[in-house]
Amino acid sequence: MNPASVGQVCLVPLDQLGDHFRRYRLRVPQAVTAMTQSLRRWGQCAPIVATLRQETLQVLDGFTRREAAQQVRGMNTLAVRVIELDDRHAKAAIHGLNQTGRRPHELEEAWIVRALVREDGLSQLEVAELLSRHKSWVCRRLALLEKLCTEVRQDLEVGLLTPTAAREIARLPAGNQSEILDVSRRQALSGAELGGVVRLFLESATQEQKQFVLAKPREALGQAAAAEPPGWDPRLSSQGNRLSKQLAALLDRLAGMENFLECRRWTALMASDQSVLGPIFQRLARDARCVADGAADLAVAMSGDRS
């Protein structure tokens, strides 16, 4: 690669594009299929982005286009914009360049954060500044991987476990995580049920109580719900009680929506339904991310954790 090509868009043979940074992005087969069809019909509409490493261009943005192009007969080259970055800024670019279209999955963000901290030696504050995020966001992404036992992390990486469920399991000591994972698989627990089981397990004072939660999770959840008296919480102010009720209602609705998504019940919707509801789900995704980040930051502030 001619150094003069840096900053320019040029045609590069497919076999000269490396995938060193592919490990920070999940492969989505449906996206590859859709991109293959798009390339066959329209050709390449936007250049991919790559950086030079040891005389080889390594893709930063455009992994799906690269894979799809390999399946299109006669497509031997791709338009590539070449940028010059060191390793840490290359990882940051993977995160930044993918904020449009399919946004980075929480697991992908966690991979990047862990690499910046463990491989590049950055502090969590430095990573937050590099990625234009709050330190608590960095801490949550790092914990998503580092507080999980190997079995749970493997399920997360292959898509058998949602990030929400993984965060719940991460609250447990590593030695108990596999037990809860086995219960969740065996009983097909929803995200809300899994969170409740984790809470009950952590609150259990004896080994017998813990075994009951593991053996009969839904019965344990039912008993716990029956034991919780509804109504006014004397520990809270009037405003605090009103907010508590709103949060309870919101969490209940979120649990229902999470179950809807995890069970893929949207596949039963008609095409006309999906065209109308699609933009609403896009807004839900955007607003939910903002609320989740804000709520996490507020939780840290309320706990008094300023580290």
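**Exercise 1. Two helices.** Are α4 and α6 roughly parallel or roughly perpendicular to each other?

*Solution.* Begin with the source. This is a predicted model, in which local features need pLDDT of at least 70, side-chain atom pairs count only at pLDDT 80 or more, and totals for chains, interfaces and linings use all residues. Residues are numbered from 1 along each chain as its sequence is written, and side-chain values use heavy atoms, with hydrogens and water left out.

Step 1. Locate the helices. α4 covers residues 106–119, and α6 covers residues 135–146. Helices (H or I, at least four residues) and strands (E, at least two) are DSSP runs, numbered from the N terminus.

Step 2. Take the axes, which are lines fitted to C-alpha atoms, for helices over the stretch in contact; angles run from 0 to 180 degrees between N-to-C directions. The axes of α4 and α6 come within 8 Å and cross at roughly 95°.

Step 3. Classify the angle. Under 35 degrees counts as roughly parallel, over 145 as roughly antiparallel, 65 to 115 as roughly perpendicular and the rest as oblique. α4 and α6 are therefore roughly perpendicular to each other.

Step 4. List contacts (heavy atoms within 4.5 Å). From α4, the residues that meet α6 include E106, E109, A110 and V113. On the α6 side, W137, V138 and R141 are among them.

**Exercise 2. One arginine.** Is R141 buried or exposed?

Step 1. Apply the cut-offs. Buried means under 20% relative accessible area, exposed over 50%, partly exposed in between (1.4 Å probe, protein chains only). R141 has a relative accessible area of 8%, so it is buried.

Step 2. Find its neighbours. Leaving aside residues up to four places away in sequence, R141 touches E106, E109, A110, V113 and D293.

Step 3. Look at the side chains. Those of R141 and E109 are joined by a polar contact of 2.8 Å. Such a contact is a pair of N or O atoms within 3.5 Å; within protein, one must be able to donate a hydrogen and the other to accept it, and residues adjacent in sequence count only if both atoms are side-chain atoms.

**Exercise 3. The sheet.** In what order do the five strands stand?

*Solution.* Step 1. Read the order: β1-β5-β3-β4-β2, in an open sheet with mixed pairing. Two strands pair if DSSP finds at least two bridges between them.

Step 1. Check the edges. β1 (9–13) and β2 (17–18) each have a single partner strand, so one side of each is left without a neighbour in the sheet.

Step 2. Follow β1. Five bridges join β1 to β5 (residues 77–83), and these strands run antiparallel. V12 has L78 as its bridge partner in β5.

Step 3. Follow β2. Two bridges join β2 to β4 (residues 56–61), and the pair runs parallel. G18 has Q58 as its bridge partner in β4.

**Exercise 4. The core.** How many residues has the largest nonpolar core?

*Solution.* Step 1. A nonpolar core is a set of buried Ala, Val, Leu, Ile, Met, Phe, Trp, Tyr and Cys residues joined through side-chain atoms within 4.5 Å.

Step 1. The largest one has 66 residues. V113 and V127 are among those with the most contacts inside it. Helix α4 gives the most to this core, with eight residues.

Step 2. Inspect V127. Its contacts include V113, L116 and V138.
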